[in-house]
Amino acid sequence: MADLPPPRKHAASDDVAHATVRQLDEHRAALTGHCYRMLGSAAEADDAVQETMLRAWRSIDQFEGRASLRTWLYRIATHVCLDALSERTRRARPMELGPPNGIDGPLTTLPSYRWVEPIPDVRALPADADPAELVALRQSIRLAFVTALQHLPPRQRAVLLLMEVLGWPAAEVAETLDTSVASVNSALQRARATLATRDLSDAHAPLSDAQSVLVDRYVEAFERYDVSALTKILHEDATMSMPPYALWLRGHEPIRTWLLGPGAPCRGSRLVPTAACGAPAFGQYRPGGPGESHKPWALIVLELSDTHIVAMNYFLDTETLFPRFGLLPELPPAPQGGAEAQDGSQAPQGGSSQPQGD
């Protein structure tokens with residue numbers, strides 16, 4: 001909150017002002033999650049939260065305490081997001097922009113504002129949430145859900161999130177949006193109907209034991225670059241995407257062919273675990289030359305069913321994403337003399353697939 005303006009002259013004391021700043025900042029993660037769901041962008045969510053804090057700070061004397069401070073901040077944040085959404089287009093994932101590509105398809109790059117971005121769990125999930133609330137909040141930042149929200153008009157999106165995720169009554173949502181309860185209920189019904197057309201079935205929070213094993217098998221196979229082992233744990237219709245490229249692949253054979261062809265320089269990569277969008281995620285570091293450090297290549301976000309990986313999302317904007325996730329700018333060279341893996345790569349160096357602290 002260092003960017004907030006100095007306390008106004010009529011503030012009772014510096015101690016009161018500083019206490020207010022701390023109180024506002026306690027809600028930052030909850031507000032970031034809400035703004036991310038509304039906007040589909042971690043960067044834009046940060047901007048929206050900062051604007052929310054500034055508006056709240058400037059009007060703190062108008063807070064009457066009829067609702068909780070967090071509820072009041074959610075109201076401000078919702079309007080900040082609605083203002084932002086009036087000025088930009090819908091974000092998407094590569095799978096929504098056209099049919100799957102062939103291996104030799106063009107690597108068309110689209111600007112960052114076209115894509116749904118990943119967000120660190122720690123930035124979007126409030127630490128004070130109870131276990132049941134945390135499950136629901138984690139579900140609501142999944143890539144598939146946030147992408148589906150992009151198909152809703154902004155006010156429908158706000159209604160759905162305030163009622164279905166935050167659990168607000170229709171009357172409170174109507175007051176926030178300056179509309180009627182009937183209008184809110186109608187918007188909710190239309191939003192639900194739209195989401196019912198999207199495939200949102202593969203949702204598990206937290207991971208089951210079987211899924212945790214599946215993630216460990218992915219790490220082992222990828223670091224060994226054992227493409228056969230990797231293919232075995234993919235769903236038959238699994239997808240692979242690489243924003244900012246529009247190209248995406250579906251199915252075992254296209255993915256296998258890509259990994260052994262254009263993706264072959266990923267052989268010898270090391271994975272560092274993190275958590276993004278309520279899902280297992282990894283910072284991927286590709287090897288340089290002999291004796292050189294491993295360099296950032298992708299933030300990988302996995303999507304799982306009960307028994308298989310259904311999507312591998314490789315976000316390539318590491319210059320932005322690695323600092324956001326607290327990932328190192330490089331890894332030291334791998335120790336020499338490791339066992340040779342299938343397809344000729346070194347044995348895994350990344351260790352456990354459990355997320356490390358950010």
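Reader: Contact means heavy atoms within 4.5 Å. Going by that, what percentage of the contacts between residues at least 6 apart in sequence join residues at least 24 apart?

Author: First, the ground rules: this is a predicted model, where local features need pLDDT of at least 70, side-chain atom pairs count only at pLDDT 80 or more, and totals for chains, interfaces and linings use all residues. Residues are numbered from 1 along each chain as its sequence is written, and side-chain values use heavy atoms, with hydrogens and water left out. Among contacts in the protein between residues at least 6 apart in sequence, the share joining residues at least 24 apart is 68%.

Reader: How many helices and strands are there in the protein?

Author: Helices (H or I, at least four residues) and strands (E, at least two) are DSSP runs, numbered from the N terminus. Going by those runs, the protein has 14 helices and six strands.

Reader: What percentage of the residues of the protein count as buried?

Author: Buried means under 20% relative accessible area, exposed over 50%, and partly exposed in between (1.4 Å probe, protein chains only). For the 358 residues here, the buried share is 48%.

Reader: How many bridges join strand 5 to strand 6?

Author: Let's take both sides of strand 5 (residues 294–304). With strand 4 (residues 279–287), strand 5 pairs in the antiparallel sense over seven bridges, and proline 287 stands opposite histidine 294. On the strand 6 side (residues 309–315) the run is antiparallel too, with leucine 299 opposite phenylalanine 315 and leucine 302 opposite methionine 312. The number of bridges joining strand 5 to strand 6 is six.

Reader: Which residue in the turn between strand 4 and strand 5 has a positive phi?

Author: Strand 4 and strand 5 form a hairpin with six residues between them. A phi of about 75 degrees in that turn belongs to glycine 291.

Reader: Why is strand 5 largely enclosed by the rest of the structure?

Author: It comes down to a count over its 11 residues. Strand 5 is largely enclosed because the number of its residues that are buried is eight.

Reader: At what angle do the axes of helix 4 and helix 9 cross?

Author: Axes are lines fitted to C-alpha atoms, for helices over the stretch in contact, and angles run from 0 to 180 degrees between N-to-C directions. The axes of helix 4 (residues 69–85) and helix 9 (residues 170–177) come within 10 Å. They cross at roughly 50 degrees.

Reader: Is helix 4 parallel, perpendicular or oblique to helix 9?

Author: Angles under 35 degrees count as roughly parallel, over 145 as roughly antiparallel, 65 to 115 as roughly perpendicular and the rest as oblique. With the axes crossing at roughly 50 degrees, helix 4 is therefore, relative to helix 9, oblique.

Reader: Is leucine 82 buried or exposed?

Author: Leucine 82 lies in helix 4 and touches Met38, Pro154, Arg155, Ala158 and Leu177, not counting residues up to four places away in sequence. Because its relative accessibility is 13%, leucine 82 counts as buried.

How values were computed: Two strands pair if DSSP finds at least two bridges between them.
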